[in-house]
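Please take a look at the structure before going on.

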Amino acid sequence: MTEYQLLVQRYDPEHDSKPQRQHYTVPGDHTTSVLDALLYVQHQLDPTLGLRWSCRMAICGSCGVMVNGIPKLGCKTFLRDYHTDIIIEPLAHFAVEKDLIVDMTQFLAHLSAIKPYLMNDYSGTAVHKQTPAQLAKYQQFSNCINCGLCYSACPQFGLNPEFLGPAAITLAQRYNLDSRDNGKAARMPQLNSKNGAWGCTFVGFCSDVCPKQLDPAAAVNQTKVESAKDFIISMFKP
Amino acid sequence: MNSPKRSDEPIWWALFSAGGVCFAVFLPGLILALGILWPLGLLNSSVLQYAQLLSLLQSGYGLTGLAFTGAVICLPLFHAAHRIHHGLHDLKCGYRKSSKLLCYGTAAALSMLALYLTFHLILAD
């Protein structure tokens, strides 16, 4: 067992005037994740620590935190990789509800704004078949777990919270590329706006931090090409 | 949610992309030839004689000269203007009409000047 030093940002907006860091010493071995360490703090040292978590296996996307300034999933980040104090803060660019819990309302509003569901005229119960090639077009972008790490990584979302952001644009591209979907025309107006794909300046940090390797920056740039084509087509329409 | 206004960004992004390609493809060759090989005397100096260059620019009814100016001056100017415009936004003082006008306006004005001078040169004799 090794002892690790955690500096956790604490903040209760109803009682504290400003956030402050609290120091905890946590035992751990090579299998101890940041989430394990935070749960140790909550169970053994300080039950008032607020954090969000669920699956512990990088599927639910709830335990996103900043670890030494980088957005990470707590369950997928291990203490063994850190050799100095480990600073844990709530996800950047989101409002803090308490300690490490952030308000995801705006993120969810952006996701729903791009109509993230299949839109088509099919009725009946027949299975809608897809070839492996048709599946491959969008499959990579369909693995998003809505953890919000890419929004914490995105400086443009930090500057402008109305920017739809990496996950929402990736999700739009995921449905636009799906052969079963006819909803592209309904999604394009959102993506064509200055807060759509054009709010991105291709920093690319979203793709670096994505725990599922979706490459949202690629999806956003594909969307820019789509939006540019849409722009040209619109010039020839009455 | 109402449909938001369509952004005019595709125009500037297209110019930015084209400028980026020119920056990456043509300018290194130009810098190598005119900035390094020529000063070192490694380039046959007769190639860079006025008459030689002029006939090169005039070839293809002068389109070569205009294309050259477009590729090494105009499009890279728009590329740089786009970067400055978005860089100003990152510094929290951009995305205003004024910064857009200044950045793309300067690129457009200098491009027009470059094309005018090239055109003038092509018609020289």
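The notes below go through a sheet, some helix packing, the chain contact and a few single residues.

This is a predicted model, in which local features need pLDDT of at least 70 and side-chain atom pairs count only at pLDDT 80 or more, while totals for chains, interfaces and linings use all residues. Residues are numbered from 1 along each chain as its sequence is written, with chains lettered from A and ligands numbered from 1 in the order in which they are written. Helices (H or I, at least four residues) and strands (E, at least two) are DSSP runs, numbered from the N terminus.

**The sheet of chain A**

- Five strands of chain A form an open sheet in the order S2-S1-S5-S3-S4, with mixed pairing; two strands pair if DSSP finds at least two bridges between them.
- At the edges are strand S2 (20-28) and strand S4 (70-73) of chain A, each of which pairs on one side only.
- From one strand to the next, the twist averages 35 degrees (axes are lines fitted to C-alpha atoms, for helices over the stretch in contact, and angles run from 0 to 180 degrees between N-to-C directions).
- S1(A) and S2(A) are antiparallel and share nine bridges, and Gln5(A) stands opposite Thr25(A) in S2(A).
- Helix H1 (residues 34-45) of chain A packs on the sheet and touches S1, S2, S3, S4 and S5 of chain A, its direction making about 100 degrees with that of S2(A); residues are in contact if their C-beta atoms, placed from the backbone, lie within 7 Å.
- Strand S1 (residues 2-10) of chain A runs parallel to strand S5 (residues 86-89) of chain A, joined by three bridges, and Leu7(A) has Ile87(A) in S5(A) as its bridge partner.
- Strand S3 (residues 64-67) of chain A is antiparallel to S5(A), with two bridges, and the partner of Met66(A) in S5(A) is Glu89(A).

**Helices H7 and H9 of chain A**

- Helix H7 (residues 184-192) and helix H9 (residues 216-235) of chain A pack at about 105 degrees, with axes 10 Å apart.
- That angle makes H7(A) roughly perpendicular to H9(A) (angles under 35 degrees count as roughly parallel, over 145 as roughly antiparallel, 65 to 115 as roughly perpendicular and the rest as oblique).
- Met188(A), Leu191(A) and Asn192(A) of H7(A) meet Thr223(A), Ser227(A) and Asp230(A) of H9(A).
- This contact of H7(A) with H9(A) has two nonpolar, three polar and one charged residues (Ala, Val, Leu, Ile, Met, Phe, Trp, Tyr, Cys and Pro count as nonpolar, Asp, Glu, Lys and Arg as charged, and the others, Gly among them, as polar).
- H9(A) has 20 residues and reaches 29 Å from its first C-alpha to its last, close to the 28 Å expected at 1.5 Å a residue; the expected span is 1.5 Å times one less than the number of residues.
- Buried residues of H9(A) include Pro216(A), Val220(A) and Lys224(A) (a residue is buried if 20 or more other C-beta atoms lie within 10 Å of its own, exposed if 12 or fewer, and partly exposed in between, with C-beta atoms placed from the backbone).
- The buried residues of H9(A) pack against helix H4 (149-153), helix H6 (166-176), H7 and helix H8 (205-209) of chain A, together with helix H1 (9-25) of chain B.
- In H7(A), Arg187(A) and Gln190(A) are among the buried residues, and the buried residues of H7(A) pack against helix H2 (105-113), H6 and H9 of chain A.

**Where chain A meets chain B**

- The contact takes 15 residues from chain A and 13 residues from chain B.
- Helix H5 (155-159), H7 and H9 of chain A each supply at least two residues of the side that touches chain B, and H9(A) gives the most, with four residues.
- By class, the side of chain A that touches chain B has seven nonpolar, six polar and two charged residues.

**A helix pair in chain B**

- Helix H3 (residues 50-58) and helix H4 (residues 63-90) of chain B pack at about 95 degrees, with axes 5 Å apart, and are therefore roughly perpendicular to each other.
- Leu56(B), Leu57(B) and Gln58(B) in H3(B) meet Thr64(B), Gly65(B) and Phe68(B) in H4(B).

**Single residues to look up**

- His93(A), in the loop between S5 and strand S6 (96-98) of chain A, has a positive phi of about 75 degrees although it is not a glycine.
- Asp99(A), in the loop between S6 and strand S7 (101-102) of chain A, has a positive phi of about 45 degrees and is not a glycine.
- Glu97(A), in strand S6 of chain A, is partly exposed, with 16 other C-beta atoms within 10 Å.

Methods: Contact = placed C-beta atoms within 7 Å.
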